[in-house]
Amino acid sequence: FCDMLGVAVFAITGGLMAARLGLDILGFLVLGVVTAIGGGTMRDVILDIPVFWVRDPNYLLVGAVSGAVVYFLAPVFQSLNKTLLWLDAAGIALFAVAGAGWAISVDAPMAVVIFMGGLTAVGGGLLRDILGNTVPFIFQREIYALAALAGAAIYAGLQRYGVDNAVAMTIGGSVTFVLRALTICFDLKLPVYKQS
Amino acid sequence: FCDMLGVAVFAITGGLMAARLGLDILGFLVLGVVTAIGGGTMRDVILDIPVFWVRDPNYLLVGAVSGAVVYFLAPVFQSLNKTLLWLDAAGIALFAVAGAGWAISVDAPMAVVIFMGGLTAVGGGLLRDILGNTVPFIFQREIYALAALAGAAIYAGLQRYGVDNAVAMTIGGSVTFVLRALTICFDLKLPVYKQS
Amino acid sequence: FCDMLGVAVFAITGGLMAARLGLDILGFLVLGVVTAIGGGTMRDVILDIPVFWVRDPNYLLVGAVSGAVVYFLAPVFQSLNKTLLWLDAAGIALFAVAGAGWAISVDAPMAVVIFMGGLTAVGGGLLRDILGNTVPFIFQREIYALAALAGAAIYAGLQRYGVDNAVAMTIGGSVTFVLRALTICFDLKLPVYKQS
């Protein structure tokens, strides 16, 4: 259920980009689906495991419906902006540890496990921004990706040192969520490169 | 043969974008190939079946040559604009049912079958537009993608209810073609989202 | 070792784009990694062989570190512009024959082998430019991609006619390097399409 909530929230952010671009309902649906399943699709293809939404098409349906719903209710979602930000933080926490977990399940090396956590969490948003023809969001507020990588790293580390998988996942996911929450509350950003 | 015609037509639309961007001949070739084989490549990678043009490189060659030919004959193809539009409609009809057919062949669930029909039909054009750094065409005239999804859905539905595969394919493909043709003739568009 | 040098050089070009975009350090890291491993990742996924950096995460680490280092030393790398151009030429030579070699190892047809050489050499830069939201560089100075394709073709041809693999690789790689070097020295470009 948590999984599906993450998919729905990500799809809604896709739908909100479609609203900004002034697309028709199919544009909402496409951007919703791509944002929701993009990161996990890249993860599964690279790890060479069956793509998650080919096995369970509910992910596809939830993503499509959530994106399309924004077409009718965009003002509602826009007024829920704060709520969505928090749900999105929960979404990346979930996707980061889930992505890392799949990499662990095929015995990938530690660096790959961490990278897969990051890719699963930000990959969908990356594709959304590429399709929307804007500079990807992760280049604007990087602590988004950093939070995902940090949570995945802590999960992977704990799991490697024998901590129970569910406990390690919970701790890792919490780290991502808290880091992201701090970023939202205090508007933290990493310093950008300045031409000297 | 039909397949190759579809590949050639898609590659020509890639070449025409290269003409708009003022590229050199290799740019025509690259955009031709990407447009022609992009959708099918994503489909095969996601379904984890051998990529079609790795098995049969003629697709690669037809795509490359068709794209490159536009470098020399772009004015001819531009004057054939109407003809190309109809061939392109035939192309997406073909690609939509072919994409759905491959998904059926690996026993993918219905929603995935329909999605794969859409992806195969519009995926190449999507990559072409991303490489050309424009907002993807499917966000401008969505009935393109809708026609592909509808044809794939009808093919998949008929096939599921025991209709002979070739008959179901023909009906599904015809639906896509007719929908797309109506869109061209009457300049139909879905209503876009308007900020209220 | 050569391989890792190629990865590092490609990652540095990713970092230099991050400097142009004024990103933070994670942006440097992401663009570095994507540029360094993007081409090979697409190759491995399409050929359906294990992705090279999942097997050996050192590629991932070298790419990440090389990209991130540019954050601190961008002026140094910018002043080394000429040196980097030559290292980059060596990098594409290496990647072109390596990409073709992997395709040969799975008995791919000749056209696919050549294409895979080109894809491995330019794929990472292509993804870097898409993420940076610019028209891909290969559309500006195409002899880059042509050099990669030519080297891959000559390697594949020689190998097919029984020349020793290492010898064929060296000759193919040298052709790519020399073609690219000539392009750099004499600022050669293919003629672009002009609307008549």
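Reader: How many salt bridges are there between chain A and chain B?

Author: For that, look for a Lys or Arg side-chain nitrogen within 4 Å of an Asp or Glu carboxyl oxygen. In this predicted model, the count between chain A and chain B is zero.

Reader: And how many residue pairs are in polar contact across the interface of chain A and chain B?

Author: Here you look for N or O atoms within 3.5 Å, one able to donate a hydrogen and the other to accept it. The rule finds one such residue pair across this interface, with both residues at pLDDT 80 or more.

Reader: Which elements of chain A touch chain B, then?

Author: Check which elements give two or more residues to that side: they are helices H2 (25-47), H3 (52-55), H4 (58-79) and H6 (110-131) of chain A. With nine residues, H2(A) gives the most. Sorted by kind, that side of chain A has 20 nonpolar residues, six polar ones and three charged ones.

Reader: What area is buried between chain A and chain B, and what share do carbon and sulfur atoms give?

Author: About 2300 Å² is buried, and carbon and sulfur atoms give 73% of it. On the chain A side, the residues losing the most area to chain B are Asp24(A), Leu26(A) and Leu131(A), together 25% of what that side buries. As for who takes part, chain A brings 29 residues to the contact and chain B brings 27.

Reader: How is chain C laid on chain B?

Author: Superpose the copies and read off the turn and the shift: 120°, with 0.0 Å along the axis and an RMSD of 0.0 Å. The two copies are therefore related as by a three-fold rotation axis. They use different surfaces, with 15% of the contact residues of chain C recurring in chain B.

Terms used: Residues are numbered from 1 along each chain as its sequence is written. Chains are lettered from A and ligands numbered from 1 in the order in which they are written. This is a predicted model: local features need pLDDT of at least 70, side-chain atom pairs count only at pLDDT 80 or more; totals for chains, interfaces and linings use all residues. Side-chain values use heavy atoms; hydrogens and water are left out. Contact means heavy atoms within 4.5 Å. Buried area is the accessible area (1.4 Å probe) that two parts lose on being put together, summed over both. A polar contact is a pair of N or O atoms within 3.5 Å; within protein, one must be able to donate a hydrogen and the other to accept it, and residues adjacent in sequence count only if both atoms are side-chain atoms. Helices (H or I, at least four residues) and strands (E, at least two) are DSSP runs, numbered from the N terminus. Ala, Val, Leu, Ile, Met, Phe, Trp, Tyr, Cys and Pro count as nonpolar, Asp, Glu, Lys and Arg as charged, and the others, Gly among them, as polar. Copies are superposed by least squares on the C-alpha atoms of residues with pLDDT of at least 70 in both.
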